[in-house]
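Please read them with the sequence and the coordinates open.

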Amino acid sequence: GSTVDAAARICAKAQGGQILASETVRGIVGAAKDLQFRDRGRFRLKGFPERWRLLEVAWQEEAQPAAAPVLAERTPYVGREEERAELRRLMEQAIAGRGSIVLIRGEPGVGKTRLAQELVLEARKHGMFDSTGRCYEMEGSPPYIPYIEMLQQSLRRGPAGFRIALGENAGEIAKILPELRQVFDDIPPPLELPPEQERLYLFNSIREFLERVSHTLPLLHVLDDLHWADDATLQLLQHIARHQDKMPVLTVATYRDIELDAARPFAQTLESLVRQRLAHRIALKPLPETGVEAMLRALTGQPPPPALVQAIYRETEGNPFFVEEVFQHLLEQGRLLDSEGRWRPDLQVGELDVPEGVRLVISRRLERVSEDCRTALTDAAVVGRDFGFQMLQALTELSADRLLDAIDEAERANLIVAADDVPPAEGDRALEARFRFAHELIRQTLISGLSLPRRQRLHLRVAETMEQVYGKGAEAYAADMAHHLYQAGAGADPATTARYLVLAGDQALHSAAFAEALKDYDAAFALQPSGDLASRAGLLYKRGLARRSLSSRWDEALPDWREAASLYERLGDKEAAGRVFDAMCQQLLWGLRYEEAAELGQRGLALLGGRDSTYRCRLLGWGGLTLSAAGYYSAGDGMIRRGLAMADRLGDVNLRGSALGAAAVHHWCYGQVRESADAGLKGGELLLQAGNLWDFASGSNFVATSLLALGRVDESVKVWSESSPLASRLGHRAASGVEFQVALLREGDIDAAEASGREALERLTNDEDDATTWVALAFLGFTHFWRGRWQDALAVFDEVTKVQPTGAPAGHGEAFTMLVRAYLGDRERVPGHLRHLRC
Ligand SMILES: Nc1ncnc2c1ncn2[C@@H]1O[C@H](COP(=O)(O)OP(=O)(O)OP(=O)(O)O)[C@@H](O)[C@H]1O
Ligand SMILES: [Mg+2]
């Protein structure tokens with residue numbers, strides 16, 4: 001039965017003269033005095049789902065044969081003293097609470113990953129918690145993949161502690177790791193937020209998670225192969241970076257520095273991290289000749305002949321991966337060592353004929369495995385970064401038995417490794433062994449040997465198999481499915497490919513990975529049948545959502561939305577058109593383009609007709625506020641009142657809350673502070689009741705200022721203290737920067753106001769201006785003013801005049817300037833200011 005099977009498998013793992021035993025055997029033998037067991041680690045045995053711990057029985061104490069120089073164990077680490085010292089220093093700083101990011105760069109195979117792994121070993125000795133996430137070259141890996149991997153690892157290490165660390169952010173984090181909902185049944189649904197805020201809220205959630213994890217144990221987070229990172233991952237990294245100096249978290253990111261295209265988001269991220277002094281850098285060079293010698297010595301346990309060192313150094317230029325590959329190649333050919341495991345005395349340098357490039361070395365290694373093994377590996381290379389047995393079986397023409405042998409062979413040849421850290425995504429795959437290529441270069445070499453038609457056919461088969469295996473569940477893997485179908489080219493049905501691309505885009509949008517969503521929607525666009533107008537309109541609307549959330553180019557959303565709106569108009573779908581107009585109008589208001597917003601609001605209203613409806617009501621509120629902010633008081637006021645009345649008739653709490661919120665901002669714009677406070681307080685209550693936290697936070701700021709102007713200081717502080725922490729949790733920039741205002745009111749803390757103003761200045765210099773920067777700047781000006789630093793105050797208010805928006809908020813900068821000049825007794829210029837402000 002299975003015992004005999006296991007015995008045979010264990011036997012096959014042993015080398016000549018070696019005795020291997022299972023843990024059971026050790027248990028039975030007990031502590032026999034004359035028998036020693038040495039732990040050889042865990043092994044995968046064919047036909048057994050679990051890995052087995054195997055123990056070597058030491059039976060020949062005297063005259064031990066030289067340890068077989070195989071690469072199954074990795075090469076003992078050599079050199080890199082300086083780099084390790086620097087990393088150690090940063091690690092100690094992180095443990096002391098001052099975390100940072102360190103970027104390790106270098107050519108492929110130079111040892112970036114290994115250096116990070118060595119640091120992980122040290123970190124564990126220091127009691128740090130560690131996790132490693134990788135990025136992949138493959139299209140089709142989900143956004144945030146290295147962070148997802150980090151979360152998965154933490155989950156596996158201790159679900160109970162993990163749940164605590166998730167805290168109240170569980171609902172958000174489950175967006176990028178849906179399997180959490182299967183593990184824990186107490187995860188609330190994520191908050192409903194406008195898409196552009198979803199991302200910030202998600203980011204804050206992950207940051208808070210890291211804070212909680214690192215609160216218990218300092219954390220080492222390795223991000224491997226960052227050059228392949230998706231845009232969302234890069235954004236998240238930058239977001240966390242800004243807070244890292246106050247967290248005991250060291251992030252070590254590795255990347256290949258060849259072929260860095262300066263325009264790519266990755267290059268920009270690097271530049272911005274470095275410019276803001278948020279990251280340290282280590283450039284890893286190839287090993288010197290002495291390093292190659294040390295490696296060869298470590299690999300064989302004996303000093304290598306100098307001629308061999310020179311030859312290998314010359315061919316590999318000190319790249320450790322190449323050294324290992326060339327070494328393994330020569331070894332397998334029996335060129336290096338004699339049967340005793342010693343250097344062959346007849347070793348001739350000329351005889352070595354070290355192959356040219358490493359691709360060649362890998363190809364040679366691949367040539368040495370059996371035909372079956374090579375076929376299986378080539379198929380697997382198309383599947384992707386990791387693959388399971390079931391998928392491979394569906395792909396290859398090999399029988400199950402031959403495939404098992406082929407996989408065994410590939411594992412023995414160190415071409416693939418067990419992918420233990422990739423957890424099965426579904427119950428039915430839990431027992432399935434998964435594998436990963438030992439190095440990405442191996443996978444690339446295999447792929448490059450495939451002809452295009454064959455590659456396309458394989459991609460199609462992968463997609464078909466996924467559909468077979470997962471059934472409807474394949475939609476959960478939409479990104480992967482879309483990738484394979486897309487790569488399959490003409491062989492795949494364009495409509496199906498488009499459907500999966502849209503699904504993948506939706507999933508990306510849902511997890512606030514906007515650049516990825518945009519890429520998917522763009523690809524879908526090219527494939528969608530042109531006659532299907534409703535689908536086209538839907539896609540345009542969604543692509544618009546992705547575009548407007550990419551803050552730097554939000555206005556690219558408008559052409560999409562305009563077209564979507566006219567398509568919906570043509571199709572007679574008023575509800576959908578109303579939704580698009582609502583989105584356009586809000587977005588333009590946020591972007592301070594009141595005229596266009598007002599015009600679109602009008603068009604939307606005209607289209608929706610006179611009947612009461614949700615979108616009509618929203619458009620009245622937004623459109624009214626737009627007019628009001630643009631300076632048309634009565635027109636705006638009228639619309640906002642109609643919106644309020646409609647919300648009352650519709651009896652929808654959320655709509656009423658939002659309409660009152662719009663009214664509060666409208667009155668605030670014109671200094672009608674009593675009306676503003678009344679509407680805002682009532683609206684806030686309703687919005688809280690409806691769970692619309694976002695709109696609640698948006699309004700609070702205005703209500704609090706109005707209350708303050710009314711002299712109701714305690715109430716004002718109360719509103720601010722409640723809404724400010726909420727706003728920063730939501731990533732609501734406009735409302736979250738008010739901590740200092742609260743501090744100022746409560747304790748007269750002018751320093752807090754000054755610090756916040758300086759941050760705003762920095763944002764401006766970094767070109768990250770937003771609609772609220774000018775408010776923080778104004779406060780900075782006032783801190784100067786209160787301290788009697790007139791000239792500094794004037795300079796800052798000058799800046800305020802330049803950046804403040806037009807429309808209702810206009811004039812603040814000049815008014816402040818006039819105030820300072822009045823204090824300075826400038827009789828000449830003040831009257832001029834006043835006249836100008838009046839008109
Ligand atoms: N200092 C070293 N001592 C011994 N072995 C090393 C050393 N540096 C790297 N290696 C070995 O060389 C191989 C390549 O290293 P590694 O995978 O870290 O390269 P990399 O820079 O991450 O490459 P890539 O850009 O392709 O990911 C690994 O097998 C690693 O164990
Ligand atoms: Mg690497």
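**Notes on helix packing and selected residues**

1. Helix 3 passes helix 4 in a right-handed crossing, where a crossing is left-handed if the near helix is turned anticlockwise from the far one by less than a right angle, and right-handed if clockwise. Axes are lines fitted to C-alpha atoms, for helices over the stretch in contact, and angles run from 0 to 180 degrees between N-to-C directions.

2. On the basis of the numbers, the model is a predicted one, in which local features need pLDDT of at least 70 and side-chain atom pairs count only at pLDDT 80 or more, while totals for chains, interfaces and linings use all residues. Residues are numbered from 1 along each chain as its sequence is written, chains are lettered from A and ligands numbered from 1 in the order in which they are written, and side-chain values use heavy atoms, with hydrogens and water left out.

3. The protein has 41 helices and eleven strands, taken as DSSP runs (helices H or I, at least four residues; strands E, at least two) and numbered from the N terminus. Of its 839 residues, 52% are buried, that is, under 20% relative accessible area, with exposed meaning over 50% and partly exposed in between (1.4 Å probe, protein chains only). Among contacts with a separation of 6 or more, 66% come from residues 24 or more positions apart.

4. Helix 21 (residues 452–470) and helix 22 (residues 478–487) pack at an angle of about 145 degrees, their axes being 7 Å apart, and their crossing is left-handed. The residues in this contact include His459 and Met466 of helix 21 and His483 and Leu485 of helix 22, and the contact as a whole divides into six nonpolar, five polar and two charged residues.

5. Helix 31 (residues 653–669) and helix 33 (residues 693–709) have axes 9 Å apart and an angle of about 35 degrees, with a left-handed crossing. Ser658, Val665 and Trp668 of helix 31 make the contact with Asp695, Phe702, Thr705 and Ser706 of helix 33.

6. Helix 19 spans residues 400–412, and its 13 residues reach 18 Å from first C-alpha to last, close to the 18 Å expected at 1.5 Å a residue, the expected span being 1.5 Å times one less than the number of residues. Its buried residues include Leu403, Ile407 and Asp408, and Asn414, which follows the helix, has a positive phi near 60 degrees.

7. Arg436, in strand 11 (residues 434–437), counts as buried because its relative accessibility is 16%, and its C-alpha lies 4.5 Å from that of Asp386, 50 residues away along the chain.

Methods:
Contact = heavy atoms within 4.5 Å. Nonpolar A, V, L, I, M, F, W, Y, C, P; charged D, E, K, R; others polar.
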